[in-house]
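Please look over the model shown here together with the points that follow.

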Amino acid sequence: MDDRIADVWGRRTPYRGGGHWPVREDSHLADGVDPRRVQWVPSACVLCSNGCGCDIAVLDGRMVGVRGRVRDRVNHGRLGPKGLYGSWQAQSSPDRLTVPLLRQGGRLVETDWDTAMDRIAAVSRALLDDKGPLSHGFYTSGQLFLEEYYTLAVIGKAGLGTPHMDGNTRLCTATSAAALKESFGCDGQPGSYTDVDHADAIFLYGHNVAETQTVLWSRILDRIEGPDRPRIVCVDPRRTAVAQAADLHLPVRPGTNLALLNAIVHELIAADLIDHDYVRDHTSGFAQLRDTVASYGADNVAELCGVPADDIRRAAHLFGTTGRVLSTVLQGFYQSHQATAASCQVNNLHLLRGMLGRPGCGVLQMNGQPTAENTRECGADGDLPGFRNWADEEHIAQLAKLWNVDPLVIPHWSPPTHAMQIFRYAEQGSIRLLWISGTNPAVSLPDLARIRAVLGDEKLFVIVSDCFLTETAQLADVVLPAAMWGEKTGTFTNTDRSVHLSLKAVDPPGQARSDLDAFCEYARRMDLRDRDGAPLIGWSDPEGAFAAWRECSRGRPCDYTGLSYQRLRHGPVQWPCNDEHPDGQERLYGDGVFPTALGRCEEFGHDLLTGAAVTPEQYRALRIDGRARLRAADYVPGEHTTTEEHPLLLTTGRTAYHFHTRTKTARAPELNRAAPRPWVEVSAADARRLDLREGDTVRVESATGHVDLPVRVTDARPGTVFIPFHYGYWDTDSTEPRAANELTATAWDPVSKQPHFKLAAVRLTLLARGDQSAPPGGDAAIGV
Amino acid sequence: MHLPVYLGLLDSGEQALADSFDLVAEGHGDEPDVRQLCRTLAAQCRERVAALRPVLDRYGEKPAAEPERLHAEALPAARTGAVGLLRDLQDLVLLATLVDSSWTVVCQAAQGLRDRELLAVVCQAQPQVSNQLAWLTTRIKSAAPQALLAAA
């Protein structure tokens, strides 16, 4: 059995471009378990956005291990450290929530479901009567299943009629969706993971795939070590494992992504490395793009971006002259300044070369979470179900007919409220009930002191559904014990549109129930009904919810009508899966036709600088008619600039051994041992200047707060420091602040509304000398 | 010729709009998007003022001759709360609309004069002002229901 802690990416299985990625079955069983006695239950891993197919090992009603599915198109049998160790061990953790909790006299006390749901329904009913649906907010996750999101979306949008629904997908994947909508008219990943098998070059933009999707990086490494190595270009201020493997590393200064990308686009156009026929036939907006980027010559932005001009030109040339290019984008762009505009420029590069929808020629606007795609497509976040357009009355009419409700019940006067605005309304007291499912905002949102104050305010009724008493659950008025992965059945869809069925392997502990059960129970107690008096939620189990969703998706780009649980038992299928594509569609837009036509598009678009909405009349006048849109914006300096008082820029992010706020991963001993405590990474140059050594404890201070952490010295670009965002407070006795988000500020991208987690100005002060050894946990980041 | 009067009006209107964006940014600092975008848009207004400078120098301003009623007044102070934000954004719409309309007037005169330099300045400015109005409208639309129906 491999040690996936020491060897994060596992044994190499090199292969040639155009070849089949060799299988490698990874598995891990608890000590002493006899594999012959184990029953295997099909599922897929939910500890990153990759969605690796796996089987859960079950023995005597408990999960005892996991193995990768060698026939799964996503992972060919592999699992990363989180999948191997983290996915199943948290299930039997002794501190699982097993009974509902109710706040009484300031304390959370044990109760039963009936009492807890009575209380929720009573508060909800009273607020609806007194204040109306705008008093209700729902903040969900990228961790639940499709069936749960869709049920929640129908309750919120057709039952209560509140626009205040979002997911923590706002923190991880909102820009992915926004950039896809702006460029192609609708959400939906153009590319496929198999593009790695064919690409001649892979460009990774702010995407530390070596840690965020370790199995996808294994696939790339196997190409790198194969006989016809693809060129690798990495845009990242840190010297990540990806950067070290790259042929070209552009260590961009945080906050200047758009300037850099405008320059790459400009150099591509200036060198005339574009496909003029494709641009003419399949895109709109070329002249405006060309004019906008005209002043962004490599020499003009080199100093601003902190990247040599020759390297910018090399990147453009490599992009323009290599046969097949795959681009991937993640949080380095999504959680930074001008996120949507910068991510759209990646789409532009592919449009300018007509490189979409063919093997090896893909864009992967990555997701950060395993089920984020479903949060988006089901409309449990700031979207409408089936990628419908809130400003298109015909789309609203479709939903109203499907749900048999008055179209006016469905809030569509504006886009649904984004998470940061939901918390602002809660802070101001106009949202009075907030239902948080499967996420931990008390650690994951910016400016935690403020978030704790909002959640702790007694005027706000907070419902939290989770498997553990998280930092957020501790502030709740009602806590619902949730069934976790492996304890319930449902489907979910990964970054490249692969839909997996994850079966229930074991019973949830105690009184824990799925979020689907909780939502259905709420709808029943609130007596939510359609126009004819029938129950609005006409299902009570996962398969019923899936069937309802399938109808909702009919005819839309995310068409599930060809899918069923029966079908998915044999393995994942990519959507759209319908009469036209009975086996699913591997890549989108190979025909150069985009879902931008009126009646088809999910959105009319925005001004990328301000987020001003394009009106339906303006959109009609543009006559996009199935062409993609080349979107452009000027770089403008952000608010985050360093000062004399705060001279360094903080970026935060994921690391290989943990996921999110460690609710599961810290309960896997292997993962917790690998990275038990947070740290701060300081560049060698800054460490020298500040006389800091590895292991020293420093205070990191921003305008919003401070944390005290041990130092790790790295090759990051000088002026940039990094803190992993996983660590909160539930497993520490110390009262010292340590969560990265004590330092981040409340600010977001004007289009995607994704918060800026990678842009806090900070200063470092030495608190105590250490033993000159690096704190554990960051080894994968430095390529050991 | 009354063009200099209108150029002066445009100049003072843009200044008033810039000052008002700054005031709203400051007064509603707890709304991060309002703070950030109003600052960005104030900077745009000042860039337009700077772009207008060579033209003003050429035609000469005639502030003394301006009829008092044509003056655009900047917002005196930011209001507070959700409804206050709505009203401040509406005031910005009024100011930006006056600026927008003034650019239209100047654009027409520039065409009559065949003044290519002025036309170039106008062509830069007009889409930007429309966009500022579009943002204000977008923000007002999303804020209005909560402010009017649910705010404490």
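1. Residues are taken to be in contact when heavy atoms lie within 4.5 Å. On that basis, in what is a predicted model, 24 residues of chain A are in contact with 25 residues of chain B. The area buried between the two chains comes to about 2,100 Å², and carbon and sulfur atoms give 51% of that area.

2. A salt bridge joins Arg39(B) to Glu639(A), with the closest N and O atoms 2.8 Å apart. Residue pairs in polar contact between chain A and chain B, both partners being at pLDDT 80 or more, number 10. Sorted by class, the side of chain A that touches chain B consists of 10 nonpolar, 10 polar and 4 charged residues.

3. Chain B has a mean pLDDT of 93, with 93% of its residues reaching 70 or more. Among the elements of chain B, the lowest mean pLDDT, 95, belongs to helix H1 (residues 3–27), and the highest, 97, to helix H3 (residues 81–113).

4. Over all chains the count is 19 aromatic pairs. The rings of Phe387(A) and Trp575(A) have centres 5.9 Å apart and planes at 65°, so this pair is edge-to-face. Because Phe387(A) lies in the loop between helix H17 (372–378) and helix H18 (393–403) of chain A, while Trp575(A) lies in the loop between strand S20 (573–574) and helix H25 (616–622) of chain A, the pair ties together parts that are 188 residues apart in sequence.

Definitions and conventions:
Residues are numbered from 1 along each chain as its sequence is written. Chains are lettered from A and ligands numbered from 1 in the order in which they are written. This is a predicted model: local features need pLDDT of at least 70, side-chain atom pairs count only at pLDDT 80 or more; totals for chains, interfaces and linings use all residues. Side-chain values use heavy atoms; hydrogens and water are left out. Buried area is the accessible area (1.4 Å probe) that two parts lose on being put together, summed over both. A salt bridge is a side-chain nitrogen of Lys or Arg within 4 Å of a carboxyl oxygen of Asp or Glu. A polar contact is a pair of N or O atoms within 3.5 Å; within protein, one must be able to donate a hydrogen and the other to accept it, and residues adjacent in sequence count only if both atoms are side-chain atoms. Ala, Val, Leu, Ile, Met, Phe, Trp, Tyr, Cys and Pro count as nonpolar, Asp, Glu, Lys and Arg as charged, and the others, Gly among them, as polar. pLDDT is the predictor's confidence in each residue, from 0 to 100. Helices (H or I, at least four residues) and strands (E, at least two) are DSSP runs, numbered from the N terminus. Rings of Phe, Tyr and Trp (its six-membered ring) pair if their centres lie within 6.5 Å; planes under 30 degrees apart count as stacked, over 60 as edge-to-face and the rest as tilted.
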